[in-house]
Amino acid sequence: SDQMMVTPKEDPIPPQGAFFIGGPHVVEGGDVALSRNVQLMVDAMDTDSEFEGPAGSGSHSVPHGLVGPQFEGMFAVSGNVEMRFANSEEGIATAEWEDLASVKEWQLACANGSQCTVFAQFRDGAGNESLIIDQQILLQLTTLNLPFITTE
């Protein structure tokens with residue numbers, strides 16, 4: 001294989017995280033949003049091995065480790081995880097980093113009746129960035145039909 005220059009780091013492992021789209025206007029088990037205004041339920045951490053249970057319980061509870069548990073304790077953990085979100089994959093590169101929070105208010109930016117995708121990325125205090133992840137939800141805006149009444 002080709003040789004390349006590397007700089008050893010005390011914390012070479014990016015943070016790990018996940019999120020799902022929820023909130024009071026999300027129905028059908030998280031598959032449909034009835035409003036553009038949703039909440040992102042976020043779970044992320046900086047660790048030196050795998051962790052279970054990102055973003056709550058249910059189908060999202062899977063290991064998200066980049067390093068197997070047999071390597072636990074070999075690396076320093078810098079912590080200070082930050083997050084950023086965007087409505088497009090291109091937009092994630094210019095999205096602002098913010099402190100990690102368990103809930104983030106979000107506005108979907110897709111057409112009514114289509115699948116909206118939200119992209120996320122996490123960064124630790126050592127500057128290690130996670131892979132970009134995404135979640136999708138169907139935007140089904142409800143309309144209110146009022147009867148039209150005329151008086152003669």
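Tutor: Start with a definition. Helices (H or I, at least four residues) and strands (E, at least two) are DSSP runs, numbered from the N terminus. Two strands pair if DSSP finds at least two bridges between them.

Student: What kind of model is this, and how are residues numbered?

Tutor: The model is predicted: local features need pLDDT of at least 70, side-chain atom pairs count only at pLDDT 80 or more, and totals for chains, interfaces and linings use all residues. Residues are numbered from 1 along each chain as its sequence is written, and side-chain values use heavy atoms, with hydrogens and water left out.

Student: What is the strand order in the open sheet of three strands?

Tutor: The order is 1-4-7, and the pairing is antiparallel. Strand 1 (16-22) and strand 7 (103-107) are at the edges with a single partner strand each, so one side of each has no neighbour in the sheet.

Student: How many bridges link strand 4 and strand 7?

Tutor: Five bridges, in the antiparallel sense; strand 4 covers residues 37-45. Look at Asn37: its bridge partner in strand 7 is Gln107.

Student: What is the order of the six-strand sheet?

Tutor: This open sheet runs 2-3-9-8-5-6, with mixed pairing. Strand 2 (26-27) and strand 6 (98-99) are its edge strands, and each pairs on one side only.

Student: Which strands does strand 5 pair with?

Tutor: Strand 5 (residues 82-86) is joined to strand 8 (residues 115-123) by five bridges, and the two run antiparallel. Strand 5 also pairs with strand 6, antiparallel, over two bridges. Follow Met83: it stands opposite Phe122 in strand 8, and its bridge partner in strand 6 is Glu98. Phe85 has Ala120 as its bridge partner in strand 8.

Student: Is strand 5 buried or exposed?

Tutor: Buried means under 20% relative accessible area, exposed over 50%, partly exposed in between (1.4 Å probe, protein chains only). Five of the five residues of strand 5 are buried, so the rest of the structure largely encloses it. Glu82, Arg84 and Ala86 point one way, Met83 and Phe85 the other way.

Student: What is a nonpolar core?

Tutor: A set of buried Ala, Val, Leu, Ile, Met, Phe, Trp, Tyr and Cys residues joined through side-chain atoms within 4.5 Å. In soluble globular proteins, nonpolar side chains tend to be buried together. Here the largest nonpolar core has 20 residues; Phe19, Ile21, Leu40, Phe85, Leu108 and Val118 have the most contacts inside it. Strands 1, 4, 5, 8 and 9 (133-139) each give two or more residues to this core.
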